[in-house]
Amino acid sequence: MRQHSSIRRVKAFNLILALFLLPGMVFPSLKAPDEPGPRDSPPRQQPLQPVVARVEFSNPVELAALTQWLDVWEVNHEQGYLIALLSPVQYQELQQSGYAITVDAGKTELLFRPNQNLPDQTSGIPGFPCYRTVEETYADLASLAANHANIARWVKIGSSWDQVTPGGPPGYDLDTLVLTNTHIPGPKPIFFLMAAIHAREYVTAEIATRFAEYLANQYNHDPDVTWLLDHSEIHILAITNPDGRKFAETGLYWRKNTDSDDGCSDPGTWGTDLNRNSSFKWGGAGASANPCDETYRGPEAASEPETQALQTYVASIFPDQRGPNENDPAPDTAMGTFITLHSYGDLVLWPWGWSSALAPNSTQLQTLGRKLAYFNQHTPEQAVGLYPTTGSSDDWAYGELGVAAYTFEIGNTFFQDCTSFENTIYPSNREALLYAFKAARRPYQDPAGPDSLQLALSSATVAAGTPVTLSAVADDTRYRAGSGEPVQAIAAVRYSIDQPSWETGAVLEPMQATDGAFDTPIEAAQARLETFFLPPGKHTLFVESQDASGAWGVPSAIFLTLLNPDTSATIEGLVRSASDNAPLSAQVFAGQFSTISDPENGYYSMQILSGTYQVSAAASGYLTVTSSTLTATEKQTVHQDIYLAPYCEIFSSDFESGSAGWSADSPWAITSEAAHSPSHAWSDSPNGNYSDNIDVSLTSPPLDLSTYEDVQLRFWQQYSLEEPPIYDFAYLETSTDGGSHWEMAAAYSGSSAGWVQQRIDLPALTHAGNARLRFRLKSDAGINADGWYLDDVLLEGTGSSCFEAIPPAADFTTDSPVQMGQALHFYDQTTGTPPFDYAWDFGDGIGRAWDSSPQYTYTHTGTFTVTLSITNTLGSSSSQHPVVIEPQQPISITQISVDQVYPASPYAGQSLFLRADLSPDNASKPYTYTLDYGDNTLPITLTSLYDPLTFSHVYTASGTYTLNLTAWNAFNTQPVSGTLGLQINEPPAPPPEIYLPFVYR
Ligand SMILES: [Zn+2]
């Protein structure tokens, strides 16, 4: 039993003050800037204060001996030195043992700098606003759990040392955030993520916390996050060592917990290293028995309450999947990933750390490690390769339970700056953690397989029944570059709908190689999906890829939303040129829906969800137009025509035959050094770099834009300017008063990637009667560069100068002839300048309409003369065409073909979807059919209007069946039959029982 003494304990704030005021400590900020300090003269004698120093070693035995008792921050194996934090005593001992020691003055100085808030900082660790404090982290994760009760639980798993020790600070709970959709029962694969077991490693707790928030916020939005939380679990212990972390937030380089009763009386160095305290191989290499050392292992295995809580909890969520002997491997089917986040060194480490022997699952651990390192660009290696350690949590998780366990050493310092954290460290590690979550089901198998990437659908939302094309890229090459992981050609890609491949009942359908054959390590694949058998709503498509070694990779997912075609709303209309009413093939968008209008008549029609929309249409050479907001209601059709104004050229030049009226400040000139087309371009500094402090322009002639709107400039440029943060700029400017005043329209700095085209909207130039443009290069004193090249300038606009309004010449097309009872569709084909007034007379004495593309259902058969009358501001015109309404034809059914739609390889007990196609397509309806499935169910007889006819059936036993469908209509002299042979397989074996203990579940 440990003895707890409250007398020796120090209140947290006293301790922190005491640590910063240790005798001999110097606050650099209090020194005069010119005063020589340790930076200038490394101490030759024993320092009075801790220092960060480089210690040279000559072989692995020496390294192992040093890491046993020193607080090692970095190891450079090639050059044979390590960087460590040395106490005065350690420094002296090393010196007496003959080690070469060089103090790192910069790092040492940081040891004694208390963290201070930035000028406007109100939260986070002082000086590091991107990292939340212990209290802020706990509060945010607890409220995340409260706000996402369907997927999140905030579970107390234990206590910190201060919390269980009388007297002193109150300490903290150890709390774990569990994320999974609780409505889908388990057992599920588990990813355990822990951070901040070492107090000073700032980035780690924040990465874990942000990852939790990312998952919670993306649930139901990101398809991969959604399936991961539906079918897997993540347990996140964001702060494993809260007592120590609280010290470190002040600016101390605190590593251990705050356990003060194990024999070290120095409040600056007591505490147990929780990552040397676990019960697996406790007390061996790389851990110290001296309670003042930073790698102090504790008085016994798992002596600390934090270690006990961690081990008890992790052992409760993972089954023990590995035998008791060192060389017993976990089976290939073992589940679970375990990652402990540390700083620093840009490493991905896997067991063993206690021994240079390979772990029994070493090859598999290495494969996943190389995969994880692909994302965060760390160096993947066995943990012992850094230096030997015993009692670490990842060796424990793998050693005791067989879980695939990793340490990430993140970043290049303990107190990582917020800029690199935000821009590279968090984003890249988030991707690595997402992969680790995906791999939790089969960590020893899936990482050898290819990733499935770039999932896309021809349309992400369609009316149920509309087929879609699913595409993906299979990639077997995504391992840390140069790591040596073997790569194979892609062998197969498959998808399943709403169930991942491993779930009972999942139907796996193949995807085809886009180039015809799977034979390289990166392959595009696609599949056409029928959707008529799926209920309306949101569906998840899972894609998995396999390589030639037989390994399937982790899945990726995409959402497909199906609308109910019986209740969805419709938007339809024409897309036409605003100059002459010419039909346009345009991309038409309404919210998440899109379609392309018919080039013959400009007609578009989309089934959409009820709601409010703005419809926009985009066609090359025309200004994109967006409609006002319109409301689409279930089962209703909304009509929206869109007229696109053509762009026309106002000015253009390729500057091949002179300046085209542009005036140039020296040294701007036309050069043949570089050009976009074909051989000449403007340059601000021909034949060299631009000079310091110049301000030179290339200015257009005056331009009369009084009749133009939506003015747009296109030009090609290539530029190389001084890089930020000291700027030289290239400006595009416009004037509306002939050049007296200028407004900036665009600015460029840095360098372009070769020639690039720019397209700049210049709304300020609408109706400008005396406009000018200029390109201006401005440099400061400093670095100079090659400068700016300009070519192929094109100024365009819309407006009355782009076309002359013309009177209408009415015309129209129709679907005629149609059978009685069928709606006849009319399409305006008038030439002339919109807008028009439309008046349709359908010629039967009844029907009239006043829109551009009406539909009409005649009540009699016969030939009718339809009249379209058109009026615009310049005149009127009318056009007449006959239309024919035929009697319903007595057409008999001549042929029936029956197809198996889904799945391709059905098994007993599974729904099988089928389709019957009748020929000819205009065979009279309704018709009657008899369907005999060929099993022992009774044939059914029904009447239908539909062709094709779709239906589903469940065969309850495996075997071979012949399905027979017989149909006839009123004009058939005898029924017509179609048959289909079916192979129904045995259902797959259920997945093996998974042992999971009852604790915490
Ligand atoms: Zn660490």
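Which residue in E8 is the bridge partner of Phe 192? In this predicted model, the partner of Phe 192 is His 235, and the two strands concerned, E7 and E8 (residues 233–237), pair in the parallel sense over five bridges. The protein chain has an average pLDDT of 90, with 94% of the residues scoring at least 70.

**Confidence**

- Over residues 1–14 the pLDDT is below 50, and this stretch has 34 contacts in the model beyond near neighbours in sequence.
- Residues 21–44 likewise stay under 50 in pLDDT, and for them the model has 26 contacts beyond four places in sequence.
- Where pLDDT is low, predicted coordinates should not be read in detail.

**The eight-stranded sheet**

- Eight strands form an open sheet with mixed pairing, in the order E5-E6-E8-E7-E9-E12-E10-E11.
- Strand E5 (152–159) and strand E11 (379–382) stand at the edges, and because each has a single partner strand, one side of each is left without a neighbour in the sheet.
- On average, neighbouring strands of this sheet are turned by 20 degrees against each other, direction ignored.
- Helix H11 (residues 362–376) lies across E9, strand E10 (347–350), E11 and strand E12 (404–409), and runs at about 35 degrees to E12.

- Strand E21 (residues 569–577) is mostly covered, with nine of its nine residues buried.
- In a regular strand the side chains alternate between the two faces of the sheet.
- In E21 both faces are covered, with Ala 569, Ile 571, Gly 573, Val 575 and Ser 577 buried on one side, and Thr 570, Glu 572, Leu 574 and Arg 576 buried on the other.
- E21 runs antiparallel to strand E24 (residues 603–608), to which six bridges join it, and Ile 571 has Met 606 in E24 as its bridge partner.
- Strand E29 (residues 637–639) runs parallel to E21 and is joined to it by three bridges, with Glu 572 standing opposite His 639.
- Strand E30 (residues 642–644) is also joined to E21 by three bridges in the parallel sense, and here the bridge partner of Val 575 is Ile 642.

**The four-stranded sheet**

- Four strands form an open antiparallel sheet in the order E53-E52-E55-E56, in which the edge strands E53 (940–944) and E56 (976–984) each pair on one side only.
- The twist in this sheet averages 20 degrees from one strand to the next.
- Strand E52 (residues 927–932) and E53 run antiparallel and are joined by five bridges, and Tyr 927 has Ser 944 in E53 as its bridge partner.

Definitions and conventions
Residues are numbered from 1 along each chain as its sequence is written. This is a predicted model: local features need pLDDT of at least 70, side-chain atom pairs count only at pLDDT 80 or more; totals for chains, interfaces and linings use all residues. Side-chain values use heavy atoms; hydrogens and water are left out. Two strands pair if DSSP finds at least two bridges between them. Axes are lines fitted to C-alpha atoms, for helices over the stretch in contact, and angles run from 0 to 180 degrees between N-to-C directions. pLDDT is the predictor's confidence in each residue, from 0 to 100. Contact means heavy atoms within 4.5 Å. Buried means under 20% relative accessible area, exposed over 50%, partly exposed in between (1.4 Å probe, protein chains only).
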